[in-house]
Amino acid sequence: MSAIRATCRQLARVALINRGQRNLSLFSSTSPSNWSKVVSDAEKIVGYPTSFMSLRCLLSDELSNVALHVRKLVGTKHPLLNTARGFVYDSRNNLQMRGLVVLLLSKAAGPSHTASDLLAQDMVSGIYPSQRNLAEITELIHTAFLVHRGIVDLKEWTNSDGPLKDMQFGNKMAVLSGDFLLANACTGLAQLNNTKVVELISSAIGDLVQGIYCENSANLEENSQADGFNMATWEEQTFLSHGALLAKSCQAAMELAKHNKESQGLAYKYGKHLSLGHKMNSDLQPFVKSSLGEPVTFSLNAAPVVFHRQIVGQEKWRLQLQQATFRNQLDYSKLWAAIKSEKGVSSAVDLCCYHGNKALEAIQAFPSSEARSALENIACAVTKF
């Protein structure tokens with residue numbers, strides 16, 4: 001218990017000192033109050049707040065030692081501190097959304113007809129223990145990758161980032177702590193004793209690695225301006241880095257309950273389209289929330305920008321980039337105005353709604369229940385701006 005208390009205090013101190021605005025999850029909210037209510041209602045259905053799902057791992061003796069070392073980063077600018085902050089202070093319920101969706105789908109589908117009566121007796125709040133374990137595993141994998149993505153590229157380090165030794169130490173801690181979480185997830189995965197589930201989640205980890213590699217490629221911004229980078233490419237890369245883990249975890253939850261391939265396919269589709277819809281929503285935020293003249297920034301790989309390039313053509317896009325660039329600095333406000341003047345934003349909104357509707361369509365085969373209604377509310381929430 002002393003180790004648990006110490007870890008809580010250590011993470012809390014780190015969180016209090018470093019209240020950055022780094023978003024820890026693709027499931028961020030465009031309207032925090034409405035989103036928090038959707039999440040709160042859903043958590044009541046599955047039996048307990050999902051923000052405590054990974055607590056066993058986070059408060060272990062091993063991670064307690066990691067937290068002691070992370071404290072040494074206090075006062076530096078290493079992004080690992082912002083990730084640590086999210087473990088304790090996540091008031092918008094972002095961190096554990098993947099696990100919540102897995103639990104809701106598990107409850108919505110219920111036991112399969114082929115499951116034995118003895119197995120059904122093990123259910124708690126309509127969810128098998130193995131499905132709850134899977135939800136925890138999903139969150140541990142996601143958190144591990146969040147930690148790993150906090151590694152600083154030392155080639156881009158400048159004096160303004162702080163002492164080089166702090167960045168190097170922070171990188172070591174990010175690698176080790178991320179590996180620790182991933183190792184715990186893999187151990188739990190093996191304990192499920194289901195080779196199909198192991199295969200699914202292992203492939204999702206591979207997809208994550210491939211997707212993040214594409215995102216972090218040094219030539220990605222240049223490649224994104226080539227003719228070959230279109231919305232099909234955007235959706236493929238986004239699914240790998242943002243959707244594969246949720247989609248395959250949803251499918252694995254059905255496998256653990258011995259549901260047929262049709263039910264597994266529907267669960268997979270829900271996770272896939274929900275993830276794509278929400279990433280689309282996230283990309284749209286600078287274009288639907290900002291007004292002309294306000295400071296704005298966005299990725300040149302965001303969905304509305306990719307749509308815009310397809311609509312205006314490559315030549316006009318290059319011209320707009322040149323007109324918005326002054327002394328090698330891109331004026332995002334000027335480029336924002338050019339993109340807003342065309343139909344790229346409306347096309348992205350339409351595609352976001354399409355993915356939301358496809359997610360809703362996927363779960364209509366499940367019996368009507370509170371869990372299904374919560375899944376419908378989540379799918380509807382990602383299409384609201």
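This is a short talk on the helices, salt bridges and turn residues of one predicted protein model.

Some ground rules. The model is predicted, so local features need pLDDT of at least 70 and side-chain atom pairs count only at pLDDT 80 or more, while totals for chains, interfaces and linings use all residues. Residues are numbered from 1 along each chain as its sequence is written, and side-chain values use heavy atoms, with hydrogens and water left out.

I'll start with the overall picture. The protein chain has 18 helices and 2 strands. Both are DSSP runs numbered from the N terminus: helices are H or I with at least four residues, strands are E with at least two. Of the 385 residues in the protein chain, 51% are buried. Buried means under 20% relative accessible area, exposed means over 50%, and partly exposed is in between, with a 1.4 Å probe and protein chains only. A contact means heavy atoms within 4.5 Å. Among contacts in the protein chain with a separation of 6 or more, 81% are between residues 24 or more positions apart.

Helix α9 covers residues 164–191, which is 28 residues. From first C-alpha to last it reaches 41 Å, close to the 40 Å expected at 1.5 Å a residue; the expected span is 1.5 Å times one less than the number of residues. Just after α9, Asn193 takes a positive phi of about 55°.

Now a helix pair. Two packed helices are described by the angle between their axes and the distance between the axes. The axes of α13 (residues 261–288) and α18 (residues 370–381) come within 9 Å and cross at roughly 30°. Axes here are lines fitted to C-alpha atoms, for helices over the stretch in contact, and angles run from 0 to 180 degrees between N-to-C directions. That makes α13 roughly parallel to α18, given that angles under 35 degrees count as roughly parallel, over 145 as roughly antiparallel, 65 to 115 as roughly perpendicular and the rest as oblique.

Which residues make the contact? From α13 they are Tyr270, Leu274 and Asn281, and from α18 they are Leu375, Ile378, Ala379 and Ala381. By class, that is 6 nonpolar, 1 polar and no charged residues. Nonpolar covers Ala, Val, Leu, Ile, Met, Phe, Trp, Tyr, Cys and Pro; charged covers Asp, Glu, Lys and Arg; the others, Gly among them, are polar. Ala381 is buried, with a relative accessible area of 17%. Ala381 and Asn281 are 100 residues apart in sequence and 9.7 Å apart in space, C-alpha to C-alpha.

On to salt bridges, meaning a side-chain nitrogen of Lys or Arg within 4 Å of a carboxyl oxygen of Asp or Glu. The count comes to 5. In one of them, Asp207 pairs with Lys248, with the closest N and O atoms 2.7 Å apart. Asp207 lies in α10 (residues 195–216) and Lys248 in α12 (residues 231–256), so the pair ties together parts 41 residues apart in sequence. Both Asp207 and Lys248 are buried.

Asp283 and Lys279 also meet in a salt bridge, at 2.8 Å, N to O. Asp283 and Lys279 are 4 residues apart in α13, about one helical turn, and both are buried.

Last, the loop between β1 (325–326) and β2 (329–330), where Arg327 lies. Arg327 has a positive phi near 55° and is exposed at 72% relative accessibility. Asn328, in the loop between β1 and β2, has a positive phi near 65° and is exposed at 75%.
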